[in-house]
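Morning, everyone. I'd like to walk you through one region of a model. Please have a look at it first.

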Amino acid sequence: MLLHNATLACMEGDTPYGLIRDGAVALAGGHIAWAGAMAELPEVFSVLDRIDLGGRLVTPGLIDCHTHIVHGGNRAGEFELRLEGASYEEIARAGGGIVSTVAHTRAASEAELLASALPRVDALIAEGVTAIEIKSGYGLEVESELKMLRVARRIGEERAIRLRTSFLGAHAVPPEYAGNVDAYIGEVCLPALKEAHSQGLVDAVDGFCEGIAFSPEQIRRVFELARQLGLPVKLHAEQLSNLGGARLAAQFDALSADHLEYANDGDAQAMAKAGTVAVILPGAFYTLREKQMPPLAAFRDHGVAMAVATDCNPGSSPLTSLLLTMNMACTLFRMTPQEALAGATIHAARALGMMDAGRISAGMRADLAIWDVEHPSELSYRIGFNPLWKRVFGGIL
């Protein structure tokens with residue numbers, strides 16, 4: 001079909017947003033066959049069935065490149081504790097935080113985890129999201145980690161959305177390994193990764209490099225196994241302090257380093273050299289009421305691509321709106337609306353290793369979002385308003 005009478009935000013080219021007025025997109029075989037100004041439509045596409053979009057805006061389908069959307073229970077009680085003055089680190093060290101979600105996730109069946117995750121996924125789909133990443137990391141034992149990854153794969157079968165899974169066994173140390181972190185890595189994390197890979201459940205490997213989680217040396221062990229298995233890596237880095245996680249990620253040519261509030265200019269240089277995407281997560285910054293902002297100026301100066309994502313999780317970012325995330329990125333971190341949209345499309349695709357998504361161009365998958373707005377800046381400007389008209393997934397409107 002041919003989508004026409006539209007404004008296209010192609011997210012490539014020399015103009016802001018790659019904007020094309022009075023544009024058209026030709027779709028065939030689930031992919032974009034051509035995109036451009038209607039006046040330049042090649043004759044071969046003139047015979048396609050036409051759909052008049054009434055001047056609406058078309059963007060690539062949005063991509064949420066960092067989520068923990070599969071989990072058991074919630075942490076509303078900790079939300080109250082933080083409002084009373086407790087810090088994220090204090091709650092974690094007292095047995096709350098990630099470890100409390102682990103207990104609920106271990107106790108839940110696959111059916112229960114799937115049933116609780118689908119409404120969160122549906123909220124993203126309703127905002128034009130066509131691809132998401134889902135991490136494990138709330139099992140912290142072999143079978144529970146595999147259970148989470150199986151549920152993540154099921155979501156891709158239950159809903160019209162592309163899925164990437166990340167193994168996050170190095171997310172926290174479970175109570176049974178308290179004080180014995182290296183043993184946890186060797187006895188649980190690495191065996192779980194090998195088994196997840198053998199079952200085809202994992203697309204990338206992640207870790208949490210932080211004082212309350214794992215040291216760079218411990219993360220290195222996980223990344224070395226990922227390299228042996230031929231899996232790309234990602235890393236939660238420099239969220240609460242700077243332990244050198246961003247540079248470690250760059251050493252392994254990571255797809256992304258995420259959070260990065262305490263990253264510095266040297267980290268930005270290393271990431272730029274490696275082509276590692278900086279994933280900006282304003283939801284966690286907002287929820288935890290943090291003060292230290294990621295070094296966006298350094299990322300810009302060194303040409304580091306910046307993605308934005310919800311970080312949907314039950315503790316530090318119970319957020320299921322990528323549109324609100326884009327607004328937060330602009331309001332809290334002073335990203336521009338163009339940077340925010342690029343962060344939820346072309347750079348988010350790169351953070352997941354998706355080379356066929358994130359821009360409107362011939363050969364890309366036909367995953368699009370059609371909006372009742374006049375200009376793409378409106379997508380970051382509005383708060384609590386969803387202007388999505390239709391979503392195109394794999395060429396199906």
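Start with a side chain. Aspartate 203 makes a polar contact through its side chain with the side chain of arginine 153, at 3.0 Å. A polar contact is a pair of N or O atoms within 3.5 Å; within protein, one must be able to donate a hydrogen and the other to accept it, and residues adjacent in sequence count only if both atoms are side-chain atoms. The aspartate 203 side chain also reaches the backbone nitrogen of threonine 165, at 2.8 Å.

A word on the source. This is a predicted model, where local features need pLDDT of at least 70 and side-chain atom pairs count only at pLDDT 80 or more, while totals for chains, interfaces and linings use all residues. Residues are numbered from 1 along each chain as its sequence is written, and side-chain values use heavy atoms, with hydrogens and water left out.

Where does aspartate 203 lie? In the loop between helix 6 and strand 9. Helices (H or I, at least four residues) and strands (E, at least two) are DSSP runs, numbered from the N terminus.

Now helix 6 itself. Residues 181-198 form this helix. After helix 6 comes glycine 200, with a positive phi near 70 degrees.

Last, distance. From the C-alpha of aspartate 203 to that of cysteine 330 is 30 Å. Along the chain, those two are 127 residues apart.

Methods: The expected span of a helix is 1.5 Å times one less than its number of residues.
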